[in-house]
Amino acid sequence: MAGIGRLSTKGSVLLLCDMQEKFRPNIFQFTNIVSNAARLLQAARVLGIPPIVTEQYPKGLGPTVPELGAGDLTAHAKTKFTMMIEPVEKELKALGDPKIAILCGIETQACIACTTFDLLEKGMEVHIVADAVSSRSQTDRLFALSRLRQSGAFLTTTEAVLLQLVQDAQHPNFREIQKLLVQPSPDTALLAFFSSL
């Protein structure tokens, strides 16, 4: 049943977009967005889902923030407003061309949007983790989510991703994932989005 948005550990990749130091004071809900993305990265490691990290012009915008927990990963530097740069394309090919992208990071109306369009055009299924993406402006964030949903991306939440990836309390890694769910995801002010649907 293609197109319903069922998540799977097989054929998935976690994309972590531009969560960098210089954005910290300006991005709406930055701390909570990074906290949710960090949980997704922890889960990806437990479940064997490969992560890919990018940094927008790191010379000017600084490195990826340490609390993401991605210090052991190679961050691909870019200037384009998409993660789909040549080194990332090569990495996806080396991973066997995953069919499902789980996407989080910043900014929703820029790099998240352009990445989503590129992935959809490649025929990939895109799951945007709404409580793990943000922008400087909440208006830009919410309109971008609405726009990306119109384009065919699935909107989801951190907790939904974690539970849908294991699908069963009998899953061999469920206890490890359950530890990531002890604290509910912080509120990142998305309810305004749903009142507009």
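1. A residue is called buried when its relative accessible area is under 20%, exposed when that area is over 50%, and partly exposed in between, using a 1.4 Å probe and protein chains only. Helices (H or I, at least four residues) and strands (E, at least two) are DSSP runs, numbered from the N terminus. With these terms in hand, one can say that strand β5, residues 125–134, is mostly covered, since ten of its ten residues are buried.

2. Please keep in mind that this is a predicted model, in which local features need pLDDT of at least 70 and side-chain atom pairs count only at pLDDT 80 or more, while totals for chains, interfaces and linings use all residues. Residues are numbered from 1 along each chain as its sequence is written, and side-chain values use heavy atoms, with hydrogens and water left out.

3. The chain passes from β4 through α4 to β5 in a right-handed β-α-β crossover, a term meaning that, with the strands pointing away from the viewer, the path from the first strand over the helix to the second runs clockwise.

4. Three bridges join β5 to strand β6 (residues 154–156), again in a parallel arrangement, and the bridge partner of Val129 in β6 is Thr156. Here the chain crosses from β5 through helix α5, residues 138–151, to β6, and this β-α-β crossover is right-handed.

5. Leu120 belongs to helix α4, residues 108–121, and is partly exposed, with a relative accessible area of 23%. Apart from its neighbours within four places in sequence, Leu120 is in contact (heavy atoms within 4.5 Å) with Val126, Ser151, Gly152 and Ala153.

6. A nonpolar core is a set of buried Ala, Val, Leu, Ile, Met, Phe, Trp, Tyr and Cys residues joined through side-chain atoms within 4.5 Å. The largest such core has 59 residues, and those touching the most other members are Leu14, Leu15, Leu16, Leu68, Cys104 and Ile128. Its largest share, nine residues, comes from helix α1, residues 30–47.

7. Some backbone details deserve a careful look. The peptide bond from Ile106 to Glu107 is cis, with omega near -10°, and Glu107 lies in the loop between β4 (100–106) and α4. Asp97, although not a glycine, has a positive phi of about 55°, and its place is in the loop between α3 (86–94) and β4.

Key:
Pairing = 2+ DSSP bridges.
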